[in-house]
Every structure is written in C-alpha cells, then in structure tokens.
Amino acid sequence: MAQHAEAIVPKLEHEDPGVRRAAVQALAKSPETVAHHAGAIVHRLEDEDWRVLQAAVAALAAMPEAMAQHAAAIAQRLEDEDSRVRQAAVQVLAASPETLAQHATAIVQRLEDEDSDVRRAAVQVLAALPETVVQHAAAIVQRLEDKDSDVCEAAVEALAASPETVAQHAAAIVQRLEDKDS
C-alpha cells in the first residue's frame, strides 16, 4: 500500500466527492499510511461532502497515535462555521482517552452549540471517560433540559456512566426521565 499512497494522496483533492472518499478509505487500509498522511486526511474534516467527512473521521479515529499529532489542528475545527465539521472534530478527538482528556474543556464548550447533533456528539464523547463526566457534570446536567430529546437522552446516559454523578444528580436525572414518560 505504501508504494501506492503517493498516487492516492492527490485524489484527496479531486473534484468528485466519491473519489475523495475512496482515497481516504484506501489510505485508511494501512495504519502506516494513515500515520504518514494524517495531515492530508485531517484536511478532509472540512470536506463539503458528509461521506468524505465521515471517512476521514473513521480513518483518524482508527489511528489515535497519528491523530494525536494533529489534535491541535483538529481542535481548531471545533470552532468551524460548518456544524458537520464541528461534529466531526468532536468525534475524532474522542479517539484516544489522552486526546479526549486534553481537549475536554473545548468539547464541553460544544455542549452549547447551536446544532443539536454537535451537542449530542459532545455529550456522548464526554461520556467515554467517567472522570470527564464527573469533572464536567454540571454542564452535562444542563443538557437534561435541552430542546432536543436525543441530546437529553445522551445526557442521561452520560451521567449514568458514573456512579458519582448518578448520586449527585439523581433528582435531575429522575425528573428528566419522568418528563420523558409524560
């Protein structure tokens, strides 16, 4: 694969999104290739085509050590004007516990994002580490009142991931569950 990667990398900029997606997927077949070309794959997190974006997320998430080298660049995308890019950045930063812990505060800020998919992704990502849930429980509890039911459900699940947060926020969790039943 490595010998063909140099021919594939330029296809990441092709005008056809199907070609760009196929190029990401081809590069993702080899961890060595992903590691070597992670910067070019990170750039695809800004792709206008959601399938290319998802392929880049999958490729980077599968190679946390390569992604970690580009974590700062990925974290900058948390502020992108495109909600799909922000959501992808949240998901990629969760690829390794170290990267998630390092960028948890920036991800917590996405709990207030205007886009519900980004808010849900942020809650789900924070839930991956119980210590992150404990540290940012107050912000997650606020999502129990989110106007989007999927975000609320993700917040309940995140808080339930840690016995400490369940104990501290049981009343709010129960209230949300009762509201959902009615």
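User: How many helices and how many strands does the secondary structure of the protein chain come to?

Analyst: This is a predicted model, in which local features need pLDDT of at least 70 and side-chain atom pairs count only at pLDDT 80 or more, while totals for chains, interfaces and linings use all residues. Residues are numbered from 1 along each chain as its sequence is written, and side-chain values use heavy atoms, with hydrogens and water left out. Helices (H or I, at least four residues) and strands (E, at least two) are DSSP runs, numbered from the N terminus. For this protein chain, the secondary structure comes to 16 helices and zero strands.

User: What percentage of the residues of the protein chain count as buried?

Analyst: Here, buried means under 20% relative accessible area, exposed means over 50%, and partly exposed lies in between (1.4 Å probe, protein chains only). The C-alpha atoms fill a box of roughly 60 × 30 × 25 Å along the principal axes. Of the 182 residues in the protein chain, the buried share is 45%.

User: Which residues does Ile107 touch, not counting residues up to four places away in sequence?

Analyst: A touch, or contact, means heavy atoms within 4.5 Å. Ile107 is one of the core residues that touch the most other members. Its partners beyond four places in sequence are Leu78, Val90, Leu93, Leu100, Ala122, Val125 and Leu126.

User: Why do H11 and H14 count as roughly parallel to each other?

Analyst: Axes are lines fitted to C-alpha atoms, for helices over the stretch in contact, and angles run from 0 to 180 degrees between N-to-C directions. Angles under 35 degrees count as roughly parallel, over 145 as roughly antiparallel, 65 to 115 as roughly perpendicular and the rest as oblique. H11 (residues 116-126) and H14 (residues 149-160) have axes that come within 9 Å. The two helices are therefore roughly parallel, as their crossing angle is roughly 5°.

User: How do the residues of the contact of H11 with H14 divide into nonpolar, polar and charged?

Analyst: On the H11 side are Ser116, Arg119, Arg120, Val123 and Gln124, which meet Asp150, Val151, Ala154, Ala155 and Ala158 in H14. Ala, Val, Leu, Ile, Met, Phe, Trp, Tyr, Cys and Pro count as nonpolar, Asp, Glu, Lys and Arg as charged, and the others, Gly among them, as polar. The contact of H11 with H14 divides into five nonpolar, two polar and three charged.

User: How many salt bridges does the structure hold?

Analyst: Side chains of opposite charge can pair when their charged atoms come close. A salt bridge is a side-chain nitrogen of Lys or Arg within 4 Å of a carboxyl oxygen of Asp or Glu. The number of salt bridges in the structure is 13.

User: How many residues apart in sequence are the parts that Arg86 and Asp113 tie together?

Analyst: The side chains of Arg86 and Asp113 meet in a salt bridge, 2.6 Å from N to O. Arg86 lies in helix H8 (residues 83-93) and Asp113 in the loop between helix H10 (104-109) and H11, so the pair ties together two parts of the chain. Arg86 and Asp113 are both buried. Along the sequence, the parts they join are 27 residues apart.

User: How far apart in space are Asp146 and Arg120, C-alpha to C-alpha?

Analyst: Asp146 lies in the loop between H13 and H14, and at 7% relative accessibility Asp146 is buried. Beyond four places in sequence, Asp146 touches Arg119, Val151 and Cys152. Asp146 and Arg120 are 26 residues apart in sequence, and their C-alpha separation is 9.8 Å.

How values were computed
Core = buried A, V, L, I, M, F, W, Y, C linked by side-chain atoms within 4.5 Å.
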